[in-house]
Amino acid sequence: GFISTTSRCRLQNKKHDHMKRMHLSAITAALLLLAASCSKQENGTPSGDGYGRIRLHGTADVSIATRAEIDVTTLGVTVPQPSELALMIHSDDPEENSVWENADAFNAADTLFKAGVYTATLTYGDPEAEGENKPYYSGTEQFDLTAGTTAEVTVTARIANSMAEIRTTEAFDRYFHDATFTLRTGAGNEFRFTPGAEPADSPVFVQAGTSISISGTARQQSQTGTDEGPEVKLAAEPLASTSPRTRHIFTFDAADAGSATLHITLDENEELTSSVDIELNDNAE
């Protein structure tokens with residue numbers, strides 16, 4: 001039948017509005033899909049096939065072993081904050097290896113990694129440095145990264161070098177006086193210890209796996225009361241290898257009036273005490 005011009009325009013407008021609504025619905029659906037995808041990525045679920053995310057959490061362990069574990073903060077040793085622990089991510093795929101200032105910087109980058117086996121390592125300090133308050137911390141954690149997931153990894157950095165110090169017992173101090181000792185490491189460093197000094201000598205950090213030798217001098221008590229007493233040399237067999245995360249305490253004792261003994265106190269899980277006779281040479285030069 002006959003359709004007026006006005007009616008035809010109304011039909012065309014309705015059709016146009018319908019198409020416009022369909023077009024807007026398609027755009028809205030696409031935006032919602034994109035938002036959901038972004039939301040998933042923000043929540044830690046990667047969208048790329050074969051990839052995943054890693055979230056790293058780092059801490060520092062402040063204990064070190066003697067005959068029982070002690071907190072190194074009681075010795076005035078520096079304990080790094082998590083932000084001071086450098087991070088290295090390692091994989092069999094060289095392209096996935098990376099180095100970061102700390103775990104916070106790594107997490108903020110929100111990097112995607114290929115699925116596989118990874119190793120995260122946290123470190124602080126210099127493993128070759130020796131001296132007072134020079135701890136080296138290191139911690140490693142191996143983990144699997146599965147595609148489409150986020151691996152939550154916690155790494156604890158522990159003291160990885162060794163400590164060393166020299167002491168004397170009351171018995172030694174009754175028989176000897178003015179004792180001075182030199183501790184030498186396999187790395188070629190020397191440290192002087194004077195028992196009874198004020199303030200007391202601090203323990204020194206040395207490389208793990210290094211040798212330690214000790215020599216010194218002391219004076220025996222005067223036999224006449226008018227002199228300082230004869231000087232003697234003190235020497236001991238070297239310790240072949242220091243242990244990581246261990247405080248080695250070299251204690252000079254006097255078992256009787258005619259001899260002295262060196263006791264080496266190690267980690268409780270190893271050898272508690274090693275006693276060796278030391279050389280006593282009267283009238284040492």
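In which loop is the place of glycine 186, and between which strands does that loop run?

Modeller: This is a predicted model. Glycine 186 has its place in the loop that runs between strand E11, residues 176-185, and strand E12, residues 190-193. With a relative accessible area of 52%, glycine 186 is exposed, because exposed means over 50%. Setting aside residues up to four places away in sequence, glycine 186 touches Thr210 and Ser211. Serine 211 is 25 residues from glycine 186 in sequence, yet the two C-alpha atoms are 4.8 Å apart in space.

Most residues other than glycine have a negative phi, and most peptide bonds are trans. Aspartate 178 is exposed, at 56% relative accessibility. Aspartate 110 also has a positive phi, near 50°. Its place is the loop between helix H2 (103-109) and strand E6, and at 37% relative accessibility aspartate 110 counts as partly exposed.

The peptide bond that joins glutamate 198 to proline 199 is cis, with omega about -5°.

Serine 162 belongs to strand E10, residues 162-168, and at 0% relative accessibility it is buried. A polar atom of the serine 162 side chain lies 2.5 Å from the backbone oxygen of serine 243. Beyond its neighbours within four places in sequence, serine 162 is in contact with several residues, among them Val204, Phe205 and Val206, as well as Thr242, Ser243 and Pro244. Threonine 251, in strand E16 (residues 247-256), is buried as well: its relative accessible area is 16%, and buried means under 20%. Without counting residues up to four places away in sequence, threonine 251 touches Arg167, Thr169, Thr261, Leu262 and His263.

The next topic is a sheet. Seven strands form an open sheet in the order E5-E4-E7-E8-E9-E1-E6, with mixed pairing. Strand E5 (98-100) and strand E6 (112-114) stand at the edges with a single partner strand each, so one side of each is left without a neighbour in the sheet. On average, and with direction ignored, neighbouring strands of this sheet are turned by 30° against each other. Strands of a sheet pair through backbone hydrogen bonds, either parallel or antiparallel.

Strand E4 shows how such pairing looks in detail. E4 (residues 86-91) and E7 (residues 116-124) pair in the antiparallel sense over six bridges. Alanine 86 of this pairing stands opposite threonine 123 in E7, and histidine 90 stands opposite threonine 119 in E7. E4 also pairs with E5 in the antiparallel sense, over three bridges. Isoleucine 89 has serine 98 in E5 as its bridge partner. E4 and E5 form a hairpin, with six residues between them.

Aromatic residues are the last topic. The structure holds ten aromatic pairs. One of them joins tyrosine 118 and phenylalanine 143, which are stacked at 6.0 Å centre to centre with 20° between the planes. Tyrosine 118 lies in E7 and phenylalanine 143 in E8 (residues 137-145), so the pair ties together parts that are 25 residues apart in sequence. Both tyrosine 118 and phenylalanine 143 are buried. Tyrosine 124 and tyrosine 137 form an edge-to-face pair, at 6.1 Å centre to centre and 65° between the planes. This pair links distant parts of the chain, with tyrosine 124 in E7 and tyrosine 137 in E8, 13 residues apart. Tyrosine 124 is partly exposed, with a relative accessible area of 23%, whereas tyrosine 137 is buried at 0%. Finally, ring pairs link Trp100, Phe106, Phe113, Tyr118 and Phe143 into a cluster.

Key
Residues are numbered from 1 along each chain as its sequence is written. This is a predicted model: local features need pLDDT of at least 70, side-chain atom pairs count only at pLDDT 80 or more; totals for chains, interfaces and linings use all residues. Side-chain values use heavy atoms; hydrogens and water are left out. Helices (H or I, at least four residues) and strands (E, at least two) are DSSP runs, numbered from the N terminus. Buried means under 20% relative accessible area, exposed over 50%, partly exposed in between (1.4 Å probe, protein chains only). Contact means heavy atoms within 4.5 Å. Two strands pair if DSSP finds at least two bridges between them. Axes are lines fitted to C-alpha atoms, for helices over the stretch in contact, and angles run from 0 to 180 degrees between N-to-C directions. A polar contact is a pair of N or O atoms within 3.5 Å; within protein, one must be able to donate a hydrogen and the other to accept it, and residues adjacent in sequence count only if both atoms are side-chain atoms. Rings of Phe, Tyr and Trp (its six-membered ring) pair if their centres lie within 6.5 Å; planes under 30 degrees apart count as stacked, over 60 as edge-to-face and the rest as tilted.
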